[in-house]
Amino acid sequence: MLSPTTLAAAFDRVSEYWSPKVIGQVNDQLLKVAKLKGEFVWHAHEGQDELFYIVKGSLRIEFEDEAVDLEQGDFLTVPSGVRHNPVARDECWVLLIEPAATKHTGEEITSRTRSLQEQLGQ
């Protein structure tokens with residue numbers, strides 16, 4: 001039987017900033033929730049676009065030549081290969097939609113990098 005998921009309840013699974021949790025899948029796209037605070041890491045995803053939807057709070061996404069400010073209800077798709085750095089001054093809740101093959105921090109490996117298994121809660 002199919003049952004709905006409450007988006008707010010999905011955020012209860014997130015206990016660490018910058019540590020997304022997979023909450024669903026549509027074909028080869030994963031739906032992930034994450035709580036963000038502070039600065040992340042400059043990175044890019046070669047071959048995959050990444051959508052940020054702001055559920056709560058605000059987020060600035062820095063690019064090499066500009067920055068985009070997102071508020072609750074806004075979304076932005078970061079195209080494949082574009083270097084970016086998300087920054088949240090205060091706690092921000094974000095829904096991410098990206099291909100299952102997308103590496104959390106692209107080819108950049110840091111202490112914040114999470115494997116797909118970690119994102120799946122395994």
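Colleague: Are F11 and W93 buried or exposed?

Modeller: A residue is called buried under 20% relative accessible area, exposed over 50% and partly exposed in between, with a 1.4 Å probe and protein chains only. Here, F11 and W93 are both buried. This is a predicted model, in which local features need pLDDT of at least 70 and side-chain atom pairs count only at pLDDT 80 or more, while totals for chains, interfaces and linings use all residues. Residues are numbered from 1 along each chain as its sequence is written, and side-chain values use heavy atoms, leaving out hydrogens and water.

Colleague: Which parts does the pair of F11 and W93 tie together?

Modeller: Helices (H or I, at least four residues) and strands (E, at least two) are DSSP runs, numbered from the N terminus. F11 belongs to the loop between α1 (7-10) and β1 (21-26) and W93 to strand β7, so the pair joins parts 82 residues apart in sequence.

Colleague: How is the pair of W18 and F40 arranged?

Modeller: W18 and F40 are stacked, 4.7 Å centre to centre, with 10° between the planes. W18 lies in the loop between α1 and β1, and F40 in the loop between β2 (29-39) and β3 (50-56), 22 residues apart. W18 and F40 are both buried.

Colleague: Which charged end sits over the ring of W93?

Modeller: The criterion is NZ of Lys or CZ of Arg within 6 Å of the ring centre and within 35 degrees of the ring normal. For W93, the charged end is that of K56, 4.3 Å from the ring centre.

Note on methods: Phe/Tyr/Trp six-rings, centres within 6.5 Å; stacked < 30°, edge-to-face > 60°.
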